[in-house]
Amino acid sequence: MARTVFVNGEYLPESEGKISIFDRGFLFADGVYEVTAVVNGKLVDYGPHMERLERSLKELRIDWPCTKDELLAMHLEMVKRNDLKEGIIYMQVTRGAADRTFNFPKESKPTLIAFTQVMNLVNNPNATTGVRVVTIPDIRWARRDIKSVMLLAPVLGKQEAYEKGATEGWMVEDGFITEGTSSNAYIVKDGKVITRELSNSILAGCTRRALFRLASEEGIEIVERKFTAEEAYAADEAFLTSASQFVMPIIEIDGKRIGGGQPGPVVRKLREIFLEEAGK
Ligand code: PDD
């Protein structure tokens, strides 16, 4: 079944979803995006995703393309029209189309597009086996707190990881792990979860935020601080989080086995409680 996509207020068959070649998202990566998971036909962590969108738009001084109510209605309509039970909704706002100038054009109106992708989020087989990651240099810009569509560094990093037999690259800057190319990074030592503190160096993950709340309800301590690859090699467990992977166990970093090469008890518990909530 061809998907229904959303382009500037219209629901269209995917083959008809088109934007201008002058769109600044296309020419300058002048735009922001959000990826929201859908489980059992329901949006997961929608509120936090839209809070983050609001912040990203404000930081880049891009106008809202519609009202918040309209954006929620669009998400719900996309789930309905695509009969989406499990997967993601991708949405993107750019500064719009105008003649090419670096400074903000006066006449452009924001472009809003969205599409769905069916994905196996809950029973993702990777979650049973765990995944491999490799460390790579963090070559991104200095405002990673903004969820911008300027994703060339993550594209190259993820490709490098795949070519090395891993599914994610953990990026390293000044000797410390920042985050994954499209996920936040965690290790577990002596029952405590360690993850980098929020700053302009990483994206404030919505899954990370949910995890903090659920871990605290479960009595699992999370310590926010930087960690190195060497510390990660010696960790009891490691994992990553994102809207499209939820809580994903890591069993190998740079070819070194973590926790005996099996998903450990803390990450299994955290994934279980995350899924319980997401499925509601
Ligand atoms: N990526 N860090 C980066 C660099 C990311 O791109 C993402 C998400 C995250 C996790 O954020 P969240 O938990 O809100 O998904 C952290 C999405 C999934 C993507 O680009 O596809």
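Modeller: Before we start, a definition: a molecule sits in a pocket if more than half of its atoms lie within 2 Å of the pocket's grid points. Please also keep in mind that this is a predicted model.

Biologist: Understood. Which pocket does the ligand sit in?

Modeller: The ligand sits in the largest pocket.

Biologist: Which elements give two or more residues to the shell around the ligand?

Modeller: They are the strands β3 (31–39), β9 (176–180) and β13 (237–242), together with the helices α2 (46–60) and α6 (206–218).

Biologist: How many residues surround the ligand?

Modeller: There are 20, and the closest include Tyr33, Glu179 and Cys206. By class, five residues of the shell are nonpolar, eleven are polar and four are charged.

Biologist: What about polar atoms? How far is the side chain of Tyr33 from an oxygen atom of the ligand?

Modeller: An N or O atom in the Tyr33 side chain is 2.6 Å from a ligand oxygen. For Arg52, a polar side-chain atom lies 2.8 Å from an oxygen atom of the ligand. Lys147 has a side-chain N or O atom 3.2 Å from a nitrogen atom of the ligand.

Biologist: How much of the ligand's exposed area does the protein bury?

Modeller: Taken alone, the ligand exposes 480 Å², and the protein buries 90% of that.

Technical notes: Residues are numbered from 1 along each chain as its sequence is written. This is a predicted model: local features need pLDDT of at least 70, side-chain atom pairs count only at pLDDT 80 or more; totals for chains, interfaces and linings use all residues. Side-chain values use heavy atoms; hydrogens and water are left out. A residue is near a molecule or strand if one of its heavy atoms lies within 4 Å of it. A polar contact is a pair of N or O atoms within 3.5 Å; within protein, one must be able to donate a hydrogen and the other to accept it, and residues adjacent in sequence count only if both atoms are side-chain atoms. Accessible areas come from the Shrake-Rupley method with a 1.4 Å probe; for residues, only the protein chains shown count as cover. On a 1 Å grid over the protein atoms alone, a cavity is a set of points where a 1.4 Å probe fits but cannot get out, and a pocket is an open set with protein on both sides within 12 Å along at least five of seven lines; lining residues have an atom within 4 Å of a point. Helices (H or I, at least four residues) and strands (E, at least two) are DSSP runs, numbered from the N terminus. Ala, Val, Leu, Ile, Met, Phe, Trp, Tyr, Cys and Pro count as nonpolar, Asp, Glu, Lys and Arg as charged, and the others, Gly among them, as polar.
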